[in-house]
Amino acid sequence: MRLAGKDDGLIRYFRFTTDHKVVGIQYLVVTMIMLAFGGLGAMMIRTELLFPGAWAFPKETYNTIVTMHGMLMILTVISFFVGPFGNFVIPIMIGARDMAFPRLNAFSFWVSFFGGLLLYFSYVGGSGLYAAGSAPDVGWFAYAPLTAKVFSPGHSTDYWTLAVLLSGIGSIGTAVNTVTTILCMRCRGMKLTKMPLLPWLYLVMSSMVFIAVSPLTAAQIMLMLDRYLGSHFFDTQAGGSAVLWMHYFWIFGHPEVYILVLPAFAFMNEIIPVFSRKAIFGYPAMVAASVGIGFISLGVWAHHMFAVGMGPAGNTFFVFATMVISVPTGIKIFNWLATIWGGRIIFSIPMMFSIGFLFQFLIAGLTGIMLSAAPFDWQLTGSYFVVAHFHYVIVGGIIFSIFAAFYYWYPKATGRMLNERLGKWHFWLFVIGFHLTFDFMHIPGLLGMPRRIYTYEPGRGWEIWNILVSIGAIVQAIAVIIFAWNLVWSYFKGKIAGQDPWDAWTLEWATPSPPPVYNFACDPMVNSRRPLWDLKHPEDPDSDYE
């Protein structure tokens with residue numbers, strides 16, 4: 001197995017390799033392709049809902065589009081996006097030569113990749129992309145009894161099950177590798193108390209993967225037994241329980257939100273201090289809040305299930321747990337604001353996306369608190385208000401942080417800067433499109449528009465809001481196209497980045513851009529959380545304040 005070197009050009013991203021940097025970029029390339037398909041699904045959904053009446057697609061095709069959009073975006077695109085940044089950055093940031101298990105790292109990528117491909121294999125034999133009767137059409141949550149043989153007689157649900165199982169194996173492999181790398185391969189002098197916050201959050205996130213993926217895997221096995229061996233775990237007519245599937249799914253599904261959000265927090269912890277020209281405020285509190293989020297998030301899953309009849313005791317517990325998790329999240333937001341306060345803010349593209357993240361994630365948290373109240377949730381569960389809240393978290397929070405991370409670490413990965421003018425067009429169009437779509441999406445939800453419907457009758461007061469939401473989606477699509485063009489154009493013609501274009505402080509900026517296969521010619525040694533600050537400012541070392 002050949003290790004790709006710096007001089008191999010683009011072809012190194014298409015080889016079997018164990019270089020953690022190349023594997024991370026392979027994740028990103030695959031994810032961008034899947035993002036295109038997932039985004040196409042989103043545009044098809046908004047096309048159907050642009051006007052009342054089923055005018056664009058039949059309902060069977062629409063169910064397939066909604067299912068595939070959700071699965072691609074949550075189970076592949078977002079998961080693939082947040083993982084590879086850690087894959088690329090963590091070993092260099094902690095002064096290691098590679099991940100602890102390089103071959104496991106490559107194996108995890110290819111297993112996850114083929115898991116994603118299985119979703120596309122479901123189209124084989126159908127009449128085309130998003131064709132009815134080919135791809136899964138049971139929703140990305142696959143509630144029972146929709147997955148039973150009588151309601152899903154073909155193999156589309158089986159493709160979904162196998163894809164989730166394979167992706168889970170890849171996620172577990174990556175989590176094992178990440179935890180081992182962070183705990184065992186830090187450079188000399190880097191105690192846990194002197195480790196940057198990004199590895200800390202990836203350590204918490206990877207630990208959560210061990211716990212959250214297992215129930216989902218068990219549920220997939222039980223579903224396969226129901227479908228092919230005559231068991232009745234989820235068959236209510238034979239003594240099973242459809243609610244049992246909901247518990248198994250959301251025991252994974254809600255921690256999964258925080259598994260995705262914690263890397264977004266990690267990106268903010270690195271980007272905001274650099275462009276505020278201040279050390280992160282309250283490092284111990286940020287670590288404690290991260291661990292607290294990881295712990296509490298494992299006990300809030302049933303706030304998705306207030307309407308199923310859990311009873312007063314169950315509802316009360318999950319209302320309380322959902323509200324409590326806002327406390328460590330609030331600590332993080334206040335600490336980021338305190339870091340910015342009084343700093344010399346540099347409004348580069350990564351910082352612009354980071355500020356957008358702070359505002360939008362705050363709004364997402366506030367609507368989450370609203371939905372944590374069981375009586376309020378009873379009224380709006382299954383409505384477009386929930387869809388708007390969820391997308392505020394995923395797009396307004398996680399996607400904005402991913403864009404910030406792209407602009408921040410792209411120079412390190414490629415040796416070239418992304419075009420700043422295109423970056424500003426990308427930012428402002430995406431902000432405008434985002435708020436046009438997801439701000440106004442709350443309103444039809446409050447007016448009673450159910451989620452997952454393929455059409456609606458005129459005269460309900462939903463028409464104008466759906467038109468505005470769909471226009472916003474088009475604006476966001478244009479912004480993403482500009483971003484994709486910026487990635488390609490800058491790779492060939494972008495400004496040479498140099499070793500440390502942002503005047504940053506962590507170890508990855510001490511290596512050439514892009515870094516060599518071996519990362520460091522000599523094993524580094526650090527004395528603080530900001531080793532490059534110590535090197536650049538020996539008269540005022542960071543270690544004096546730790």
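Are Phe-434 and Phe-438 buried or exposed? Both of them are buried, where buried means under 20% relative accessible area, exposed means over 50%, and partly exposed is in between (1.4 Å probe, protein chains only). What you're looking at is a predicted model, in which local features need pLDDT of at least 70, side-chain atom pairs count only at pLDDT 80 or more, and totals for chains, interfaces and linings use all residues. Residues are numbered from 1 along each chain as its sequence is written, and side-chain values use heavy atoms, with hydrogens and water left out. Helices mentioned below are DSSP runs (H or I, at least four residues; strands are E, at least two), numbered from the N terminus.

**Salt bridges**

- The count comes to nine salt bridges, each being a side-chain nitrogen of Lys or Arg within 4 Å of a carboxyl oxygen of Asp or Glu.
- One of them pairs Asp-523 with Arg-97, at 3.9 Å from N to O. The two sit 426 residues apart: Asp-523 is in the loop between helix 14 (463–493) and helix 15 (531–536), while Arg-97 is in the loop between helix 2 (59–93) and helix 3 (102–121). Arg-97 counts as partly exposed, at 38% relative accessibility.
- Another joins Asp-503 to Arg-277, at 2.9 Å from N to O. Asp-503 lies in the loop between helix 14 and helix 15 and Arg-277 in the loop between helix 6 (242–276) and helix 7 (283–296), so this pair ties together parts that are 226 residues apart in sequence. Asp-503 is partly exposed at 35%, whereas Arg-277 is buried at 16%.
- Lys-536 bridges to Asp-500, with the closest N and O atoms 2.5 Å apart. Here Lys-536 comes from helix 15 and Asp-500 from the loop between helix 14 and helix 15, 36 residues away. Lys-536 is partly exposed at 32%, and Asp-500 is partly exposed at 21%.
- Arg-277, Asp-500, Asp-503 and Lys-536 are linked in a network of salt bridges.

- You'll find Arg-452 in the loop between helix 13 and helix 14, partly exposed at 38% relative accessibility.
- The peptide bond from Ala-144 to Pro-145 is cis, with omega near 5°. Pro-145 lies in the loop between helix 3 and helix 4 (156–184).
- Ser-513 and Pro-514 are joined by a cis peptide bond too, with omega about -5°. Pro-514 belongs to the loop between helix 14 and helix 15.

**Aromatic rings**

- A search of the whole structure finds 50 aromatic pairs. Rings of Phe, Tyr and Trp (its six-membered ring) pair if their centres lie within 6.5 Å; planes under 30 degrees apart count as stacked, over 60 as edge-to-face and the rest as tilted.
- Trp-245 and Phe-249 make a stacked pair, 6.4 Å centre to centre with 20° between the planes. Both lie in helix 6, four residues apart, about one turn of the helix. Trp-245 is buried at 1% relative accessible area, and Phe-249 is buried at 2%.
- Back to Phe-434 and Phe-438: their ring centres are 5.2 Å apart and their planes are at 50°, so the pair is tilted. They are four residues apart in helix 13 (residues 420–446), which puts about one helical turn between them.

**Charges over rings**

- The charged end of Arg-529 sits over the ring of Tyr-283, 3.7 Å from its centre. To qualify, NZ of Lys or CZ of Arg must be within 6 Å of the ring centre and within 35 degrees of the ring normal.
- Arg-530 has its charged end over the ring of Trp-533, 4.5 Å from the centre.

**Cysteines**

- The disulfide count is zero, going by a cut-off of two cysteine sulfur atoms within 2.5 Å.
- Cys-184 is in no disulfide, and its nearest cysteine sulfur, that of Cys-187, is 14 Å away. Cys-184 is exposed at 61%.
- The sulfur of Cys-187 is 13 Å from the closest cysteine sulfur, in Cys-522, too far for a bond. Cys-187 is buried at 8%.
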